[in-house]
Amino acid sequence: MATVPEVRSEATAEAVNPMNPDPFVIRRVKRETEDTFTVELEPQGAQKDFRFAPGQFNMIYVYGVGEIPISISGDPADTKRLVHTTRAVGTVTKAMDKLRRGDVLGIRGPYGIPWPIDKAMGQDVVFVAGGIGLAPLRPALYHVVTHRERFGKVVLLYGTRSPADILFREELENWRARFDLDVYVTVDRAMSGWKGNVGVVTNMIPKAPFDPRNAVAMVCGPEVMMRFTASELLKRGVDQNSIYVSMERNMKCGIGLCGHCQFGPVFICKDGPVFPYPQIKDMLLKWEI
Amino acid sequence: MENLESILAEHPFFQGLKEDHLNLIVGCASNVRFDAGKYILREGEEANTFYLLRFGKVALELVTPNKGAIIIETLDQGDILGWSWLIPPYMWRFDAKAIELTRAIAIDGKCLRRKVEADHDLGYEIMKRFSELLSKRFEATRFQLLDMYGNRP
């Protein structure tokens with residue numbers, strides 16, 4: 001079980017220091033796939049709302065292990081519960097995977113530039129997600145579903161590795177059952193007997209039901225997937241200024257001080273993680289950056 | 001009622017094709033349907049047809065030792081199934097199974113091969129279209145080989 005320092009009660013000056021994490025208690029851990037899990041958190045001590053915009057991230061501190069950036073994957077309308085979904089792949093996320101209900105994590109945030117929800121109002125919205133990239137898009141999906149009347153057609157194209165790796169499966173099935181959402185899922189490989197789609201997520205773009213001249217696309221996944229997705233969206237006729245991608249780099253401070261997440265002339269933590277495609281498209285082709 | 005000619009003319013794969021070329025292709029075309037679970041083609045068998053899928057879903061499968069059949073791609077409405085009819089030795093490289101009731105236009109490859117040998121302009125048009133199709137499939141296969149979802153985005 002993770003230990004946590006005393007809750008700071010009177011250090012007002014400390015409370016505004018963006019480098020100090022606030023303690024949050026784990027209320028629920030949900031296994032999503034073999035290596036991916038979701039934690040639901042509540043602020044420890046004084047009850048306060050946690051507000052964020054879809055696409056923002058938090059710096060999560062596993063006490064005694066380390067701190068990492070993870071996008072928020074919950075509903076922005078639910079200010080009482082903070083939700084993060086991640087894969088157990090590194091030292092910190094593997095330690096996090098061992099935590100249980102009642103354990104405490106340190107949270108700094110929310111940080112970063114969110115998805116362009118306002119710009120998407122009145123237009124078709126195309127979400128393209130790859131693998132764990134569905135998690136940072138989910139808050140935007142929640143928002144669009146809650147305010148469905150404000151948007152045109154809403155399409156989610158989701159690609160992942162195999163049927164066993166499909167994230168938020170129950171939710172995807174519920175969304176797909178709605179008359180006002182178009183949800184398409186594809187996997188890279190499957191055994192015979194799978195009745196769904198097999199193939200890369202970019203294959204679904206030419207046939208997806210949206211008006212490319214009146215659409216905003218939000219894309220999140222591995223960089224190579226985002227590059228090819230942007231290229232297919234452009235081919236379909238989507239304006240490059242209407243394509244947004246969410247980048248990930250080695251963020252340390254989360255507030256643009258340390259420079260760890262520098263990506264050419266920008267800092268991913270402060271200027272991103274969501275970027276208009278034209279702002280970063282040239283850098284996506286330079287592996288040295 | 002839609003006839004074969006209008007269906008082929010409206011299909012994106014044949015978009016821009018001259019009317020006399022389209023008529024030559026229509027002469028090799030027929031309507032077909034496959035029930036769910038039925039194999040449309042089998043690896044190693046002679047490849048003499050390709051299909052314009054109009055409805056349903058088809059899985060391209062590859063049988064691997066100890067693992068059974070792996071689905072490597074699914075195709076549905078608007079997709080083209082089969083390119084081995086065009087390239088010697090005209091043998092299917094994969095199995096294709098209808099996983100839903102599937103309706104398609106079948107184009108007789110032997111018939112079309114004869115026609116493209118006689119009319120190289122038509123042959124060039126067909127080759128251009130299949131080259132694009134093959135390059136897309138090739139790119140998608142490379143993409144899948146990356147196993148990009150195995151790591152963090």
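Student: What percentage of the 289 residues of chain A count as buried?

Tutor: In this predicted model, 45% of the residues of chain A count as buried.

Student: What makes a residue buried or exposed?

Tutor: A residue is buried if 20 or more other C-beta atoms lie within 10 Å of its own, and exposed if 12 or fewer do. By that count, buried residues make up 27% of the 153 residues in chain B.

Student: How do you know that the radius of gyration of chain A agrees with that of a compact globule?

Tutor: Set the value against the rule. A compact globule of 289 residues would have a radius of gyration near 19 Å, and chain A has 19 Å, so the two agree. The C-alpha trace of chain A spans about 55 × 45 × 40 Å along its principal axes.

Student: And how do you know that for chain B, with its 153 residues?

Tutor: The rule gives a value near 15 Å for 153 residues; chain B has 16 Å, which agrees. Its C-alpha atoms fill a box of roughly 50 × 30 × 30 Å, taken along the principal axes.

Student: Why are β1 and β6 of chain A called paired?

Tutor: Two strands pair if there are at least two bridges between them.

Student: What does pairing rest on, in general?

Tutor: Strands of a sheet pair through backbone hydrogen bonds, either parallel or antiparallel.

Student: Which strands stand at the edges of the sheet of 4 strands in chain B?

Tutor: The order of that open sheet is β1-β8-β3-β6 (chain B), with antiparallel pairing. β1 (29–34) and β6 (80–81) of chain B each have a single partner strand, so one side of each is left without a neighbour in the sheet. The partner of β6(B) is strand β3 (residues 49–55) of chain B, paired in the antiparallel sense over 2 bridges. Two bridges are enough, because the condition is at least two. In this pair, B:Y51 stands opposite B:L81. Helix α3 (residues 109–118) of chain B packs on the sheet, touching β3 and β8 (102–108) of chain B, and its direction makes about 40° with that of β8(B).

Student: How many bridges join β4(B) to β5(B)?

Tutor: There are 8 bridges, and the strands run antiparallel. B:L60 stands opposite B:E73 in β5(B). The hairpin of β4(B) and β5(B) has 3 residues between the strands, and B:N66 takes a positive phi near 70° there.

Student: How do you know that chain B touches chain A?

Tutor: Contact requires C-beta atoms within 7 Å, and 21 residues of chain B are in contact with 29 residues of chain A. On the chain B side, β4 (57–64), β5 (68–76) and α4 (120–145) each supply at least two residues. The largest share, 7 residues, comes from β5(B). By class, this side divides into 12 nonpolar, 6 polar and 3 charged residues.

Student: Which strand of chain A is joined to β5(B)?

Tutor: Strand β10 (residues 190–191) of chain A is joined to β5(B) by 2 bridges, and the two run antiparallel. A:A190 has B:I71 as its bridge partner.

Student: What are the domains of chain A, and how many of their residues are in contact?

Tutor: The domain assignment gives domain 1 (12–111) and domain 2 (117–246). Their C-alpha centres lie 25 Å apart. In contact are 15 residues of domain 1 with 15 residues of domain 2. The side of domain 1 that touches domain 2 has 4 nonpolar, 7 polar and 4 charged residues.

Definitions and conventions:
Residues are numbered from 1 along each chain as its sequence is written. Chains are lettered from A and ligands numbered from 1 in the order in which they are written. This is a predicted model: local features need pLDDT of at least 70, side-chain atom pairs count only at pLDDT 80 or more; totals for chains, interfaces and linings use all residues. Two residues are in contact if their C-beta atoms, placed from the backbone, lie within 7 Å. Ala, Val, Leu, Ile, Met, Phe, Trp, Tyr, Cys and Pro count as nonpolar, Asp, Glu, Lys and Arg as charged, and the others, Gly among them, as polar. Domain bounds come from an automatic or database domain assignment. The radius of gyration is taken over C-alpha atoms; the globule rule is 2.2 Å times the number of residues to the power 0.38. Axes are lines fitted to C-alpha atoms, for helices over the stretch in contact, and angles run from 0 to 180 degrees between N-to-C directions.
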